[in-house]
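Work through the exercises below with the sequence and the model side by side, and try each task before reading its solution.

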Amino acid sequence: MNRFRICIVLAAVLFAGPAWAHARLTSSEPTADATVAAPATLELHFSQALAEKSTVQITGPDGKAVAIKAVAFKDATTVAVTPAMPLL
């Protein structure tokens, strides 16, 4: 009985563990809640490597989506986002 439980726990850890992991935003440039002139590009830094299929959505202070002109992966954990219009 204990051997069966150990196998179930090992299977859960080995196979399901990576599926639960998600990159989280660790910092940004400009920083959150900063008061700056309209930035041309936003840099988003994440806790782990992102998949190339990752998507980015930016919302303004009114909660509406901001159109994005370009997204570029600077490295595995950093994404540069260029809004289509200047951010106000």
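**Exercise 1: a loop residue**

Ala 51 is partly exposed, with a relative accessible area of 47%, where buried means under 20% relative accessible area, exposed over 50% and partly exposed in between (1.4 Å probe, protein chains only). The model is a predicted one, in which local features need pLDDT of at least 70 and side-chain atom pairs count only at pLDDT 80 or more, while totals for chains, interfaces and linings use all residues. Residues are numbered from 1 along each chain as its sequence is written, and side-chain values use heavy atoms, with hydrogens and water left out.

Task: locate Ala 51 in the chain, and state how far apart Ala 51 and Thr 77 are in sequence and in space.

Solution. Begin with the secondary structure, which places Ala 51 in the loop between E2 and E3; strands (E, at least two residues) and helices (H or I, at least four) are DSSP runs numbered from the N terminus. Then compare the two separations: Ala 51 and Thr 77 are 26 residues apart in sequence, and their C-alpha atoms are 9.4 Å apart in space.

**Exercise 2: the sheet**

Task: list the elements of the protein in order, and then work out how the strands of the open sheet are arranged.

Solution. First, the protein contains one helix and six strands, and from the N terminus on these run α-β-β-β-β-β-β. Second, four of the strands form an open sheet in the order E1-E2-E6-E5 with antiparallel pairing, two strands being paired if DSSP finds at least two bridges between them. The edges of this sheet are E1 and E5 (68-75), each of which pairs on one side only. Neighbouring strands of the sheet are turned by 20 degrees against each other on average, direction ignored, with axes fitted as lines to C-alpha atoms and angles running from 0 to 180 degrees between N-to-C directions.

Third, take the individual pairs. E1 and E2 are joined in the antiparallel sense over four bridges, and in this pairing Ser 27 has His 45 of E2 as its bridge partner. E5 and E6 (residues 78-83) pair in the antiparallel sense over six bridges, with Ala 72 opposite Ala 80 in E6, and the two strands form a hairpin with two residues between them.

**Exercise 3: a charged pair**

Task: find which residue forms a salt bridge with Glu 43, and decide whether each partner is buried or exposed.

Solution. Applying the criterion of a side-chain nitrogen of Lys or Arg within 4 Å of a carboxyl oxygen of Asp or Glu, the count comes to one salt bridge. Glu 43 forms it with Lys 74, the closest N and O atoms being 2.5 Å apart. The pair links distant parts of the chain, since Glu 43 lies in E2 and Lys 74 in E5, 31 residues apart. Glu 43 is buried, with a relative accessible area of 18%, whereas Lys 74 is exposed at 51%. For the protein as a whole, buried residues make up 17% of the 88 residues.

**Exercise 4: strand contributions**

Task: identify which strands each supply at least two residues of the lining of the largest pocket, and which element gives the largest share.

Solution. The strands concerned are E1 (25-29), E2 (42-46), E3 (58-59) and E4 (65-66). The largest share, three residues, comes from E1. A pocket here is an open set of points on a 1 Å grid over the protein atoms alone, where a 1.4 Å probe fits, with protein on both sides within 12 Å along at least five of seven lines, and lining residues have an atom within 4 Å of a point.
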